[in-house]
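Hi there,

Here is the structure I promised to pass on. My notes on it follow below.

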Amino acid sequence: MGIIAWIVIGLLAGLIAKALMPGRDPGGLVITMLIGIAGGLLGGWLGKVLFGVDSLDGFFELSTWIAAIIGSMILLAAYRIFTGGRARHSH
């Protein structure tokens, strides 16, 4: 897949992850897209390592989207853990 496809998948996977995990996030659209892109890579890697499946087959493959969304949710949770404490303590 090309870089444009990864950006589109990343943006959408990040938005879906935020919709599935509602709450306040200190990041905006750019952070959502970066979390989504990194989440897609993380999800694909985890799918291959844990289950032996190549989950990054193509743009329209369901496994690609599932991997990207799950990876995005993992990274979004980690992002909230690492940035949430600092955001709450600022005055």
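How do the residues of the lining of the largest cavity divide into nonpolar, polar and charged? They divide into three nonpolar, three polar and one charged, where Ala, Val, Leu, Ile, Met, Phe, Trp, Tyr, Cys and Pro count as nonpolar, Asp, Glu, Lys and Arg as charged, and the others, Gly among them, as polar.

Before the details: this is a predicted model, so local features need pLDDT of at least 70 and side-chain atom pairs count only at pLDDT 80 or more, while totals for chains, interfaces and linings use all residues. Residues are numbered from 1 along each chain as its sequence is written, and side-chain values use heavy atoms, with hydrogens and water left out.

The cavity (on a 1 Å grid over the protein atoms alone, a set of points where a 1.4 Å probe fits but cannot get out; lining residues have an atom within 4 Å of a point) has a volume of about 30 Å³, taken as the space filled by probe spheres set on the points, which are joined across faces, edges and corners. Its lining is Gly14, Ala17, Lys18, Thr32, Ile35, Gly36 and Leu76.

Serine 72 sits in helix α3, residues 62-89. Serine 72 counts as buried because its relative accessibility is 0% (buried means under 20% relative accessible area, exposed over 50%, partly exposed in between, with a 1.4 Å probe and protein chains only). Beyond its neighbours within four places in sequence, serine 72 is in contact (heavy atoms within 4.5 Å) with Ala13, Gly14, Ala17, Ile35, Gly36, Gly39 and Gly40.

Best wishes

Technical notes. On a 1 Å grid over the protein atoms alone, a cavity is a set of points where a 1.4 Å probe fits but cannot get out, and a pocket is an open set with protein on both sides within 12 Å along at least five of seven lines; lining residues have an atom within 4 Å of a point. Helices (H or I, at least four residues) and strands (E, at least two) are DSSP runs, numbered from the N terminus.
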